[in-house]
Amino acid sequence: MGSVCFIASEKQLEELKKQNEGEQSAFGSIKHCVKNILRRLWRIYKYAFSASLFASDSHTLTGPFNVPFTLKYSNVFVNIGKAYNPNTGIFTAPIRGVYTFRFSITGHGSDSSTGARLFKNGRHVVIAYCHQPTYSVSTTNGASLLLEVGDVVYVQLYPKSQLLDNGNFYNTFSGQLLFPV
């Protein structure tokens, strides 16, 4: 009687192994499909850019101006999805989602301040600002924003502010889609 139970257990074990192999095969197929779907989605929803003001090695001053001035970051490091326009300095949201933006500024000590503001659709979001009568000064700021399709984000030089740039690319503007909503 003991051997019959052992044979039945062996038979059950073989059936369970076959069932498990079938389930692993099905799971492998599902896993493969999910990976393909995720790859396609990431190809569709890839938006990121990073740029500096100038590509030149020479010292270049921007400003001061008496009025706000939209900065055109023309030295593009990366612009995946082409949502950033280096001719205008404006990022236009291609899809609804949460995006993150960062900008850094550098100035040289003078009577002028060093300041810039991040805007969304014409409304001030954050500012980076500093003033120092001598030596160089740098600061940075950024924000994560919920954008709708067509919303625009850009950086403006603060009135009466001045930026200094050279081949070290101190003044940058970057953004990327964190996730679609």
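**Setting values against definitions**

Modeller: The side chain of Asn-85 reaches the backbone nitrogen of Asn-87 at 2.8 Å.

Colleague: What makes this approach between Asn-85 and Asn-87 a polar contact?

Modeller: A polar contact is a pair of N or O atoms within 3.5 Å, where, within protein, one must be able to donate a hydrogen and the other to accept it, and residues adjacent in sequence count only if both atoms are side-chain atoms. The value of 2.8 Å is within 3.5 Å, so the pair from Asn-85 and Asn-87 qualifies. This is a predicted model, in which local features need pLDDT of at least 70 and side-chain atom pairs count only at pLDDT 80 or more, while totals for chains, interfaces and linings use all residues. Residues are numbered from 1 along each chain as its sequence is written, and side-chain values use heavy atoms, with hydrogens and water left out.

Colleague: Why is Asn-85 called partly exposed?

Modeller: Asn-85, found in strand β5 (residues 84-85), has a relative accessible area of 30%. Buried means under 20% and exposed over 50%, with partly exposed in between (1.4 Å probe, protein chains only), so Asn-85 is partly exposed. A strand here is a DSSP run (E, at least two residues), numbered from the N terminus.

Colleague: How do you know whether Asn-75 is buried or exposed?

Modeller: Asn-75 lies in strand β4 (residues 75-80), and its relative accessible area is 15%, which is under 20%, so Asn-75 is buried. Not counting residues up to four places away in sequence, Asn-75 touches several residues, including Ser-50, Leu-53 and Phe-169, where contact means heavy atoms within 4.5 Å.

Colleague: Why is Val-152 placed in its accessibility class?

Modeller: Val-152, in strand β11, has 22% relative accessibility, so it falls between the two limits and counts as partly exposed.

Note on methods: Helices (H or I, at least four residues) and strands (E, at least two) are DSSP runs, numbered from the N terminus.
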